[in-house]
Amino acid sequence: MGEMAYAKGLEGVVAGESSICRIDGEGGRLFYRGYSIEELSSESSFEEVVYLLLYGKLPTRYVFDEFSQRMRSARALHPKVVQMIRNFPEGGKPMELLQSVMAYLSGYVEHRIEHSSECNCRQTLHQVSQLATVAATYYRLKNGQDYLEPRMDLSHGANFLYMLRGREPDPDEGRIMDACLVLHAEHGFNASTFTARVVASTLSTCYCSIAAAIGALYGSLHGGANEKVFDMLERIGSVDKVEAWVGKAFEEAQKIMGMGHRIYRTKDPRSKVMEDFLKALSAKTGRHEHLDMLKKIEQLATPKFESKDKKIYPNVDYYSGSVYHLLDIPKYLFAPIFAVARIAGWLAHILEQREGNRIFRPDSVYTGPGERPYERMEART
Ligand SMILES: CC(C)(COP(=O)(O)OP(=O)(O)OC[C@H]1O[C@@H](n2cnc3c(N)ncnc32)[C@H](O)[C@@H]1OP(=O)(O)O)[C@@H](O)C(=O)NCCC(=O)NCCS
């Protein structure tokens with residue numbers, strides 16, 4: 001074997017083939033199965049996008065009605081799953097709960113393939129539907145409320161808000177929540193999706209592959225970034241303090257959360273759609289503080305990055321936390337919402353991985369000591 005190239009963080013390394021998602025990092029474009037994210041987020045529901053990701057094409061009306069019915073009827077939780085959420089230690093974090101519940105859910109799937117630990121996940125849509133109910137139920141129980149049966153007549157996003165609030169959201173809010181799920185549903189070989197594929201490549205179950213992906217999404221460089229953006233805004237406090245804060249952040253070479261991306265060399269197309277949602281919700285609620293601060297940070301930071309020849313622009317997380325905030329969703333649910341959406345992409349990738357599977361097994365550059373004589377314990381210093 002010749003000398004192998006090493007790329008820290010696997011940057012530029014091609015780790016597989018996929019027909020699910022195309023990202024044009026230079027042009028700032030994103031496509032699921034060939035359809036642009038702008039069109040999908042304005043025209044399609046999350047359920048339609050789940051179908052698109054899993055089956056590779058947009059559904060006809062007839063097919064969609066059946067699919068949506070199937071997805072919606074898989075929303076309700078088994079009482080033992082509710083019990084598990086109730087029993088989760090108070091100090092546990094919601095992403096840790098989602099990760100644990102995901103593996104536990106596999107025991108409650110209705111349609112297992114006979115004589116196999118494998119579930120027929122494309123058919124049952126069990127995990128995709130349940131994750132939203134798990135996240136909403138976690139919120140409800142934490143707030144001293146009871147489990148609420150999901151509604152069959154609402155979209156995935158609107159039902160999620162309904163479960164959090166106990167009342168139906170207005171149609172604009174339901175639509176925005178659903179579109180946020182569309183925007184987060186898929187994004188190529190990112191860290192969590194790659195994790196899902198690595199685990200799937202060992203022929204593990206989709207539940208365990210997804211549980212591993214949730215663990216990867218948990219980190220603040222991935223799904224935890226919008227919480228950090230929210231903290232940043234809370235620390236800054238008001239728009240008049242932004243200029244001093246940005247100056248200090250650059251002096252101290254601090255990362256500005258919600259900015260930068262491994263692939264995008266321009267503004268993330270999802271952040272543009274998110275910005276529009278934030279504008280709409282700010283106008284509707286009269287709450288402009290976050291929007292004003294984010295716009296000002298962006299205006300000040302962008303030329304500073306450009307002057308250093310760094311292509312760092314807002315990513316999807318820059319505006320998303322503030323959108324959720326205006327939908328009255330608490331910060332601790334931001335990352336779980338990302339998982340509720342991205343599970344669609346994870347599942348599509350797991351299925352694709354299984355089609356032409358070869359187990360992942362990269363190499364590493366050894367930097368440890370050369371062979372050396374063993375020292376018995378008495379001789380060690
Ligand atoms: C997304 C992210 C993890 C991509 O990481 P990456 O491709 O490994 O890029 P790096 O972290 O190596 O950054 C490359 C350079 O840009 C700088 N940089 C990247 N993102 C930055 C940010 N948000 N603020 C300030 N500087 C940033 C790094 O400090 C580094 O500078 P250096 O070359 O002088 O050391 C990174 O941009 C980041 O940490 N962003 C903030 C967290 C975030 O928003 N994550 C959500 C992603 S959707």
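How many salt bridges does the structure hold? The structure holds 22 salt bridges, each defined as a side-chain nitrogen of Lys or Arg within 4 Å of a carboxyl oxygen of Asp or Glu. One of the salt bridges joins the side chains of Glu47 and Arg75, at 3.5 Å from N to O. This pair links distant parts of the chain, 28 residues apart: Glu47 sits in helix H2 (residues 46–55), and Arg75 in the loop between helix H3 (61–73) and helix H4 (79–87). Helices (H or I, at least four residues) and strands (E, at least two) are DSSP runs, numbered from the N terminus.

The model is predicted, with local features needing pLDDT of at least 70 and side-chain atom pairs counting only at pLDDT 80 or more, while totals for chains, interfaces and linings use all residues. Residues are numbered from 1 along each chain as its sequence is written, and side-chain values use heavy atoms, with hydrogens and water left out.

The protein chain is assigned domain 1 (17–219 + 333–355) and domain 2 (225–326), with bounds from an automatic or database domain assignment. The C-alpha centres of domain 1 and domain 2 lie 26 Å apart. Their contact (heavy atoms within 4.5 Å) takes 25 residues from domain 1 and 24 residues from domain 2. About 2000 Å² is buried between the two domains, and carbon and sulfur atoms give 70% of this area. Buried area here is the accessible area (1.4 Å probe) that two parts lose on being put together, summed over both. On the domain 1 side, Ile176, Leu183 and Phe334 supply 32% of the area buried against domain 2, more than any other three residues.

Asp172 and Lys284 meet through their side chains in a salt bridge of 3.5 Å, N to O. The side of domain 1 that touches domain 2 draws at least two residues from each of strand S1 (21–24), strand S2 (29–32), helix H1 (37–43), helix H9 (171–184) and helix H17 (334–355). H9 gives the largest share of this side, seven residues.

A ligand nitrogen atom is 2.8 Å from a polar backbone atom of Met259, and a ligand oxygen atom is 2.7 Å from an N or O atom in the side chain of Arg262.

How values were computed: Polar contact = N/O pair within 3.5 Å; in protein donor to acceptor, adjacent residues only side chain to side chain.
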